[in-house]
Structure formats: C-alpha cells, structure tokens
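Thanks for coming. I will walk through one structure today, starting with a pair of helices and ending in the core.

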Amino acid sequence: FNHIPEGFPEIDKTLIYDTTQTIDIDNVSLDGGFLVKTLDLSIDPYMRGRMRDPAIDSYLPAYPLGQPLNGFGLGVVIRSEHPEVKVGEYVCGFNVDHAHYFVRKDLFLLEKVDNKFNLPTSAFVGVLGMPGQTAFYAWHEYSHAKPGETVFVSAGAGPVGSLVIQLAKAQGLKVIASAGSEEKVAFLKEIGTDVAFNYKTTNTLEVLKKEGGIDVYWDNVGGETLEAALEAAKLNGRFIICGMISGYNSADGVPVRNLWQIFSKSLTLSGFIVNRLEERWGKKFREEIPARIASGEIKYREQIYEGLDKVPHAILDVQRGKNTAKAVVRVSKE
Ligand code: NDP
C-alpha cells in the first residue's frame, strides 16, 4: 500500500508484489510464538476505509504507507513454541498479514478454529468469519423482529446480507432484498428471498411501497437506498446501520436527504462495529451456525481469487460491486 487514494483505489502495477520481505520458515525465530502459513484472506468493504490519512481517527487504524496490508484471514500453524498452539491447528481472525507466512507471539485477535464439520477453510473468513458474525450478532441484537414482519436487506447477495436474509426467513419474516446483477438476484431467490430485485434496473422505493412498506431495514449501502428505506418505513421501524458502501469511495461520504422520517415515524437506528463482538454472541454463533451450514440449511457462496497477487483486484472488485459472491483470496492450499 503506497498511496492514499481519492475516489476508487487504483492498482500500481509496478508494486503489487513485495518480494523484499522474505522469511526463512525453517529458521525464523519464534521467540515463544508460532509460525503460520496463510491460507485464506477475507477481502472486505471496510478495507477502503483504512486507506486514509492516519491523522483521521476511526475504529481501525489506517494502513501504513509502504507496508503490506493485513486483515481478517485464516492460516495453518506450521511451527510452534507456544504452549497453547499446536502444529496443524488453524488460526483465524483480524490479525493476519497479507503475506505467505507470518509469526505471532500470541493469539491476540486470533482464535483457534474448531472445524468439526470439515467445512472448507474459506468458510471461516466469510459466512463463519467476520461477515457472518456481523449478520448474526446485529440481527439478533437490534432487529427485534417478529414473524410476519417485513425486512428489506440491501447488498443482499454478499456474505453479510445473505446470512441476514436466511436468519430472517427462518424467523418467519417476509424478506425483500436487492443486489446489483441478475446472477445475484437468482441467488437471493435461491436462499428464500420473497421479493428479490436488481436495484440497477428496478426502482427501490417503488418496490418497497408496492410491498406495503418495511418494519426492518438492514442497511449495507446508505445513500439513495437508505433514503428509500426511510420513506417506506412503517411506524416504529428498526434500521440496522451495518455499512454504507455507496459512499466509501467518495470524499463527500453518503448524503441522505430525508432524515426527518426518523422522528416522524419514531424509527430506531442502530449502528455497530463487529470488532466489538461480545463473547456471548461469538459462543452462540459457533454453537449454531456451523451445524446449520453443514446440514445445508444455510447456504453461502464464495468467489475465490487464486494467489496473493490477486488481493488488489479483489479489493477493487468488492468496492465496485464486481465480486460475484464473498471475495476470498486463497494464498496457499494446505
Ligand atoms: P459484499 O461482499 O456484498 O461486497 C460489497 C457489495 O456491495 C458489492 O458486491 C456490491 O454488490 C455492493 N455495492 C458496492 N457499491 C455499491 C453501491 N454504490 N450501491 C449499492 N451497492 C453497492 O460485502 P459484505 O457482505 O462483506 O459487506 C456488506 C456491508 O456490510 C458493507 O457495507 C460493509 O462495510 C458492511 N460491514 C459492516 C460491518 C460492521 O461491523 N458494521 C462488518 C462487516 C461488513 P451489488 O452487486 O449488489 O451492488
């Protein structure tokens, strides 16, 4: 990462792959820690927010210029001097370097993965990782949903939206969801969405009004989509403000015009950041969701980018909505 972008980031083709930092995996000093071989990297919308001036404060530090990126990912331990971490174990979390190998002293922001259903490791950075935990935690914490109510989910085909949809359907809600391509709309239908539409070819507000309004809105997008949801909200509606990707690459952020609907309809808006996930939710998530995925009840889709050098392409695809499903970079196979 060598430049703070204005607007969408661009790929510097001369500097994609940093081979100056090498690691001798047989001899690197572990100093009581462990050596991890990186397998899967999660490529997420928030990464654009870290490509900023470090003087601007936010919930995650800015990426330092001239350094490789890091983020949420999964790897396998190949050497260890740590008493609690064994060779062959998977570690996963928010402390994975975008590198083939990395050393850690402890499990700070990492946890060991119990893959008792033998799911693909990539699932642990998507539906079972940070995006899935986001959906699970905030849906249960903030939706106050009741069977028969109507929820609208934007960016519904991604890892966050698609799990929200399936949790809502399992709870007996009517689900309206939008996405940016016909292929994604087909996936929305496959996972049980009652009213699925392409927001690029269909007017969101018209759909929401035609369906009689909404009780809950899960916002992944902000901007005009949030405006439409505010206008279509019913009295006492709940808005879960998860993300606003329509503004991540704009210096102006995401202007929203009709905020007066919040008081006039007694709406509740709940914003949150999942890196503050409380342990009680993490425990419940691990107890419930892997089994529901293994049984096939909960479905998920991934787009695998092969090789570390694909990270910049995957980041841009996610920002521009060109990813077809949860974006994962497979750095190595085991
Ligand atoms: P996705 O994998 O779904 O990727 C983002 C998607 O957003 C794109 O594929 C695209 O889908 C859509 N998109 C991009 N630009 C626009 C635009 N201008 N207008 C409408 N849609 C757009 O992402 P995730 O499921 O990982 O994340 C979804 C949201 O959740 C993001 O806003 C993210 O920042 C947020 N988030 C928040 C967390 C928190 O703790 N609060 C944690 C994790 C995620 P399409 O083709 O449908 O347009």
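**Two crossing helices**

The axes of α1 and helix α7 (residues 279-294) cross at roughly 105° and come within 10 Å of each other. Before going on, two remarks on what you see. This is a predicted model: local features need pLDDT of at least 70, side-chain atom pairs count only at pLDDT 80 or more, and totals for chains, interfaces and linings use all residues. Residues are numbered from 1 along each chain as its sequence is written.

Helices (H or I, at least four residues) and strands (E, at least two) are DSSP runs, numbered from the N terminus. Axes are lines fitted to C-alpha atoms, for helices over the stretch in contact, with angles from 0 to 180 degrees between N-to-C directions. Angles of 65 to 115 degrees count as roughly perpendicular, and α1 and α7 are therefore roughly perpendicular to each other. Where they meet, G132, Q133, F136 and Y137 of α1 face W281, G282, F285 and I289 of α7; contact here is C-beta atoms, placed from the backbone, within 7 Å.

Next, the sheet. Six strands form an open sheet with parallel pairing, in the order β8-β7-β6-β9-β10-β11. Two strands pair if DSSP finds at least two bridges between them. At the edges are β8 (195-198) and β11 (268-271), each pairing on one side only. On average, neighbouring strands are turned by 15° against each other, direction ignored. Helix α2 (residues 159-170) packs on this sheet, touching β6 (150-153), β7 (174-179) and β9, and its direction makes about 165° with that of β7.

How enclosed is α2 by the rest of the structure? Largely, because 10 of its 12 residues are buried, meaning that 20 or more other C-beta atoms lie within 10 Å of the residue's own C-beta, again placed from the backbone. The buried residues of α2 pack against α1 (130-142), β6, β7, α3 (182-190), β9 and β13 (326-330). Just after α2, G172 takes a positive phi of about 90°.

Last, the core. A nonpolar core is a set of buried Ala, Val, Leu, Ile, Met, Phe, Trp, Tyr and Cys residues joined through C-beta atoms within 7 Å. The largest one has 82 residues, of which I43, V151, V164, L188, I214 and A229 touch the most other members. Helix α1 gives the most to this core, with seven residues. As for I214, its bridge partner in β10 is A233, and its contacts include V151, I176 and A229.

Conventions. Contact = placed C-beta atoms within 7 Å. Parallel < 35°, antiparallel > 145°, perpendicular 65-115°, else oblique. Lists of a residue's contacts leave out its neighbours within four places in sequence.
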